Amino acid sequence: MNLQGKVAVVTGGSRGIGKEIAVRLGAAGAYVYVNYVSRPDAAEATVADIIEAGGRARALPFSVADTAAVEAAFGAILAEAGRIDILVNNAGITRDGLLMKMKEADWDEVLDTNLKGAYLCMKAVYRPMMKQRGGRIITITSVIGFAGNAGQANYAAAKAGLMGLTRSMARELASRGVTVNAVAPGYIDTDMTRDLDEAVKEKIRAEIPMAFLGTPADVAGAVMFLASDDARYVTGQCLHVNGGMYM
Ligand code: NAP
């Protein structure tokens with residue numbers, strides 16, 4: 001796959017799934033902006049991995065939930081690179097708890113980061129991609145957005161909302177050669193899931209026909225397909241990467 005000359009932005013590219021996506025995009029030749037919010041060490045390590053493998057990348061701190069910060073960051077990227085070809089909306093957080101006890105702040109924080117964050121980043125690339133008459137927007141949703149999960153009403157609502165956003169954007173941008181798709185991982189071994197206790201992980205494994213948790217590489221592979229020329233006629237879709245957990 002050749003992404004030479006392409007410019008990619010990966011939100012939450014410092015760790016986990018986003019890191020793997022950033023590294024794969026860099027290895028394919030794209031210039032990668034690695035966004036992060038709190039861990040400059042992790043973002044710089046991702047950039048170093050990309051450069052070591054012969055790619056080009058730069059770390060860029062901003063919160064996807066902060067309107068002014070998103071506008072400023074994308075403005076800076078466009079001023080520097082002149083274009084954005086691939087946007088991966090990957091940044092996401094959890095603040096779990098039963099709805100009965102869920103604090104409004106935990107609802108807001110998850111919706112602001114996971115759903116509004118994608119809206120703000122899509123809005124920032126909307127005009128540039130339209131003018132370029134091409135682009136790829138790929139958003140990481142979750143199996144939880146389809147199946148729901150006790151204790152994750154905020155996360156499930158945000159992730160389900162991302163599908164409505166994806167399909168609507170796909171319709172708005174299709175005639176301009178911009179495709180808009182989602183990838184819905186099942187349970188992937190990252191910092192987000194590492195703290196689950198072994199009993200919970202065992203229960204999850206029992207619900208997965210393939211009987212193991214996925215890796216960031218499994219998700220990155222799906223993102224790379226959607227970013228490739230092979231996916232030029234694919235838009236408004238969600239590619240599920242979950243070992244058969246949800247069909
Ligand atoms: P992770 O290891 O916890 O990493 C989260 C990433 O998001 C970090 O790079 C973090 O940056 C960044 N981030 C958090 N809040 C942000 C904000 N406000 N602005 C910008 N960046 C922010 O998570 P992960 O497991 O790789 O998950 C990545 C995506 O996949 C998320 O959308 C998640 O919901 C989704 N997903 C994960 C799983 C799973 O099982 N792991 C399953 C389904 C879907 P810092 O390093 O600076 O903190």
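A residue is near a molecule if one of its heavy atoms lies within 4 Å of it.

## The model

This is a predicted model, where local features need pLDDT of at least 70, side-chain atom pairs count only at pLDDT 80 or more, and totals for chains, interfaces and linings use all residues. Residues are numbered from 1 along each chain as its sequence is written, and side-chain values use heavy atoms, with hydrogens and water left out.

## Around the ligand

The ligand has 31 residues around it, and S14, S38, N90, Y155 and T190 come nearest. By class, this shell holds 13 nonpolar, 14 polar and 4 charged residues. Ala, Val, Leu, Ile, Met, Phe, Trp, Tyr, Cys and Pro count as nonpolar, Asp, Glu, Lys and Arg as charged, and the others, including Gly, as polar.

A polar side-chain atom of T190 is 2.5 Å from an oxygen atom of the ligand. A backbone N or O atom of I17 lies 2.8 Å from a ligand oxygen. For a polar backbone atom of V37, the distance to a ligand oxygen is 2.9 Å. Taken alone, the ligand exposes 910 Å², and the protein buries 95% of that. These areas come from the Shrake-Rupley method with a 1.4 Å probe.

## The largest pocket

The ligand takes up the space of the largest pocket. A molecule sits in a pocket if more than half of its atoms lie within 2 Å of the pocket's grid points. A pocket is an open set of points on a 1 Å grid over the protein atoms alone, where a 1.4 Å probe fits, with protein on both sides within 12 Å along at least five of seven lines; lining residues have an atom within 4 Å of a point.

The volume of the largest pocket is about 1300 Å³. Its lining has 49 residues, and G92, I93, T94, Y155 and M192 lie nearest the centre. Elements that give two or more residues to this lining are α1 (16-27), β2 (31-36), α6 (153-173), α7 (191-194) and α8 (198-206). The lining divides into 21 nonpolar, 19 polar and 9 charged residues.

## The second largest pocket

The second largest pocket has a volume of about 330 Å³. It is lined by 21 residues, with G135, R136, G177, A227 and D229 nearest its centre. Two or more lining residues come from each of β5 (135-140) and β6 (178-185). By class, the lining has 8 nonpolar, 7 polar and 6 charged residues.

Definitions and conventions:
Grid points are joined across faces, edges and corners, and a volume is the space filled by probe spheres set on the points. Helices (H or I, at least four residues) and strands (E, at least two) are DSSP runs, numbered from the N terminus. A polar contact is a pair of N or O atoms within 3.5 Å; within protein, one must be able to donate a hydrogen and the other to accept it, and residues adjacent in sequence count only if both atoms are side-chain atoms.
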